[in-house]
Amino acid sequence: MADKNNNQISRPHWYSSDLPPSLQTAVWISVFIVFALSILDLAGWIFDLTFLKSILAKWIPMKIITAYCFIFTATALVIIKVNAPVIIKQIIPGVVAILVSLVSLATLYVCLYHISTGHESSLAEVSYLTFCFAPESRMSFFEACIFFIIGNIVFLLMADKTKTSNLAHVLIIPIALISYFIPASYLLGVYSVTELIHMSVALTTGIAFCGICTVVLLIKPDTWFLKVFTARDTGGIIARKLLLPLMILPVVIAWLRINGERTGMFKSNEGIVLVALTYTCCFLALIWLTARSVNKIDLKRHASEEALKKSYARLELLSETANRLLVSKNPQELVNELCNRVMKFLDCQFFFNFIVDDTVRKLHLNTYAGISVKSAQKIEWLDFGVADCGYIVLDGNRIVAKNFSDTSDPRTDLIRSFGIKAYARHPLLSRDKVIGTLSFGSSTQISFSEEDLSMMKIVTDQVAIAISRIRNENALRESEERFKAMAEVSPVGMGVVEFASGKFLYINPSYEQYFGYDKDELLSKKAPEIFLDTKDKELIYKKLEEDNFVSNYEVKLKRKDGSSFWSMSSIRPIKFINKPALLETFIDITDHKRAEKELQSTKDYLENLINYANAPIIVWNPDTRIQLFNHAFEHLTGYSSSEVEGKMLDVLFPKASLKESNAKIKDALTENWKTIEIPILTKNKEIRTVLWNSANIYDTDRKTVLSTIAQGNDITERIDAEQKVKERTKDLELANLQLKQELTERFQAQQALRKSEIQLKELNATKDKFFNIVAHDLKNPFTSLLGSSELLSKNIDQLDNEKIQNLATILNDSAKSGYAILQNLLDWSRSQTGMLKFNPERINLRKLIDENILNQELFSTNKEIELYSEVKEDIFIFADKNMINTVLRNILSNALKFTYRYGKVVVSALIDSDDAIISVKDNGIGISKENIDKLFRIDTKYSMPGTNNEQGTGLGLKLSREFVEKHGGRIWVESIEFQGSEFTFSIPQMKDNHLMK
């Protein structure tokens, strides 16, 4: 697998340029010197340290404004040089250039004014400019001239054009020479220039100017002047090598001459000879440096030539290897010869070539070098995951091992045993699948170069491509042979037609037999000529254009003798002998079409026979969908055949007997002949009893039911007559029983009367208590209503809006409380007097719970209580919707009333056996054990204010119990005081469960 990081292109650093490394270093050293001298000078002025300002006390120091100008100029040049955003490279250097130019111009003005008048300019007396223009602070006239020129040079460099850069270098050359003169004069002890008034320049200033000039010259290396030094040819290298010595040697010579004159050395012959020898040594040093540079260049050139020769040899070897592998029919046989050549070229002593054998899932040693036959026999077969080559098969990654003495990788144990010190194994890949490995090892080297590894990789890829090519060709050949073998014995007619011309490229024997042509005759024809109908041709071409294939298309074809036959044809585009083609396959379905026609005739006959039979006849399939419905059945039910055919059979059954009727229909499928009695619901909603004689029609296996046919007989009148006889007999039996039970009933009536009298007395007492409770509870809201309304009517003129609002709220709450009591009382009284009708129906319990939660949303929101339902799926019950609504409303309002602010009320429901269990759980104040029994009793009162002082009667829970018990269910509560309550009630789920209690 190729290394992904070998071909990455390195991105330039922010500080890089086109300069050689030595000149880049010179630029950054110069910038550092400028910044260092300027900052040290500022520190010297701040802390009054002479050696920071001027090195020696006798030398003049750098001015503060000069240091600032150096810092600003160096910053601008750095920004121009680095890879900064364009907007930054334009704005900051421009601002700096303007600032330095203005300061230098102002300084020139002040200096010239002082020279011409002998007095200071008013500009030098401005308080906030004294640090810049005061006599002791301002830069010299000479420095101002240089900074003015440098400011303009910055503008020229910002343009980033060759012409402006050339002009900038022309301007900077004299400044560079003058700047170099300043430190040289200090070094030689010539102070005449530096001591002139208005022209004196500090040593540190001269050095800083030299740094600025170096940066300006090297910042744009492509000008005519700098190309000589920045070129990468021999001249450029020599120029760079000699530049520094040529700058130093003249100063050394000048120093010798000046000091020789001062000491009187030139007055003697010996002194003159000594000076000549010194000059000779300097020039010899210069010549030696020049020769040394040229020798280094020659050595590099020779090394490059050797590398180029080796590269040519490598390229020639790889080219020859690729050519031989491409034309070889068996590349595995060439691997030994080619790898031996590569091994010698790389100075290796070992190579191994393994091939993956998928049949046994092992690696087989194909060829090798450097080990004995006995050692080769030991590694002839290797399992996947064993040694390094086994790992390559599993992960497909190259393994390079260097300096085996320092590695403890167990995968290299086998290779290390052969005395190998450096080793590289590459996978042979075919479509990202490892088909083998190729590796090289050395006992003399401890590592391989990147060029060596690259060559190994290329050879490995070439071998892999060659082996993959042969394998693909063999696979393709085997595939073609399998196709031809299958086609030759296939009973399906198969032909390949050239897409462009429509001529046959291949036909199988079945194709010849179907048409009566021999192979040569068919190959001379075009495929469309065998189609009989022109419309079929057009339809097939259209379908090919739309879908690019034709599948199971029934078409009539003609034979050689002119006869025709029906075929089931399929056409798909393929490539055959590297040509676009169409593969046509078909089978003869003439007999099938004839059988279909006969079957249709038989079906039409039977349908007519059934439709016009006198007895009602119906046919349905195993899914109980009606297939046939004759006229007699239409007369019986009032439905037309078009209204019921295709629908489920139970559309004819009354709902009351639907389940039983469906069971009888399913049972009829298990027997060949069955007589069943099933009620029928006619179109005008009349129920007729029909005796059905049904028979099943089976498939050829005599097990699979295809359909069921039934003949009906209306026995409604007979059933009615039998029912009347049964009723008359029952009346006679009842009369006899009445005579026998009359005395017993009279006695039981007397006993029941006594018992009823006792119960009536208890009930009257209970009701009296109940009405006292209700009257007392009604008194509270009405008292509040009367008191608040009276207060409002008498004092409305003296009350402000807030108090009126409070009274209105009290009136509204009292009215709501009274209305709730009256509503529950009305429902209870209607229940007790029998006026409340019980109307059970099918109810979606989930939707009913959601509606009640929505109705309580305002109450829960005001108290900031989380109210939600855990019922996510539909649950259906058969119950009175109004009663269940009342139960849910009372329990929910009760839970919200006794739940603290920020509490939670959760509604849940589940099916337990045949009951629906509904639960409302809160985390409110709870109920004590002794008060739980009082909740549902009508003769006791248990009511207390809610958490927000809400009022209630306790009647809601009593009414809820009444309604739940009417459905045959029960209601109960579980509660822990101060932790919450859970009210639960059950509703039987079935219709016929005790609902009429």
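Which residue in β21 is the bridge partner of Val-906? The bridge partner is Lys-921. This is a predicted model. The protein has 997 residues, and 40% of them count as buried. Its fold includes 30 helices and 23 strands.

**Overall picture**

- The accessible surface of the protein comes to about 57,800 Å². Carbon and sulfur atoms hold 57% of that surface.
- Residues 24 or more positions apart account for 59% of them.

**The mixed sheet, β18 to β23**

- This open sheet has 5 strands, in the order β18-β20-β21-β23-β22. Its pairing is mixed.
- β18 and β22 (971-976) are the edge strands, and each pairs on one side only.
- From one strand to the next, the twist averages 15°.
- Strands of a sheet pair through backbone hydrogen bonds, in either a parallel or an antiparallel sense.
- β18 and β20 (residues 904-912) pair in the parallel sense, over 4 bridges. Within this pairing, Leu-867 has Val-905 of β20 as its bridge partner.
- β20 and β21 (residues 915-922) pair in the antiparallel sense, over 8 bridges. Here Val-906 meets Lys-921 of β21 as its bridge partner.

**Helices on the mixed sheet**

- Helix α26 (residues 845-855) lies across β18, β20 and β21. It runs at about 165° to β18.
- Helix α28 (residues 881-897) lies across β18, β20, β21, β22 and β23 (980-988). Its direction is at about 175° to β23.

**The antiparallel sheet, β7 to β11**

- This open sheet also has 5 strands, in the order β8-β7-β11-β10-β9. Its pairing is antiparallel.
- The edges are β8 (504-507) and β9 (550-558), and each pairs on one side only.
- Neighbouring strands are turned by 30° against each other on average, direction ignored.
- β7 (residues 493-498) pairs with β8 in the antiparallel sense, over 3 bridges. Val-496 stands opposite Tyr-506 in β8.
- Helix α16 (residues 450-489) packs on this sheet. It touches β7, β8, β10 (564-576) and β11 (579-588). Its direction makes about 65° with that of β8.

**Aromatic pairs**

- The structure holds 6 aromatic pairs.
- The rings of Tyr-68 and Phe-72 have their centres 6.4 Å apart. Their planes meet at 25°, so the pair is stacked. The cut-off for stacked is under 30 degrees.
- Both residues lie in helix α3 (residues 64-81). Tyr-68 and Phe-72 are 4 residues apart, about one turn of the helix.
- Tyr-68 is partly exposed, with a relative accessible area of 35%. Phe-72 is partly exposed as well, at 34%.
- Phe-351 and Phe-440 form a tilted pair, 6.4 Å centre to centre with 40° between the planes.
- Phe-351 lies in β1 (residues 350-357) and Phe-440 in β6 (residues 433-442), so this pair ties together parts that are 89 residues apart in sequence.
- Phe-351 is buried at 0% relative accessibility. Phe-440 is buried too, with a relative accessible area of 0%.
- Ring pairs also link Phe-70, Phe-147 and Phe-209 into a cluster.

**Cysteines**

- How many disulfides does a search of the whole structure find? It finds 0.
- Cys-213 is in no disulfide. The nearest cysteine sulfur is that of Cys-210, 6.5 Å away.
- Is Cys-213 buried or exposed? Cys-213 is buried, because its relative accessible area is 2% and the cut-off for buried is under 20%.
- Cys-69 is buried as well, with a relative accessible area of 3%.

Methods:
Residues numbered from 1 in each chain as written. Predicted model: local features only at pLDDT ≥ 70, side-chain atom pairs only at ≥ 80, totals over all residues. Heavy atoms only, no water. Pairing = 2+ DSSP bridges. Helix = DSSP H or I, 4+ residues; strand = E, 2+ residues; numbered from the N terminus. Axes fitted to C-alpha atoms, helices over the stretch in contact; angles between N-to-C directions. Contact = heavy atoms within 4.5 Å. Disulfide = S-S within 2.5 Å. Buried < 20%, exposed > 50% of the residue type's maximum accessible area, 1.4 Å probe, protein only. Areas by Shrake-Rupley, 256 points an atom, 1.4 Å probe, with all protein chains shown as cover. Phe/Tyr/Trp six-rings, centres within 6.5 Å; stacked < 30°, edge-to-face > 60°.
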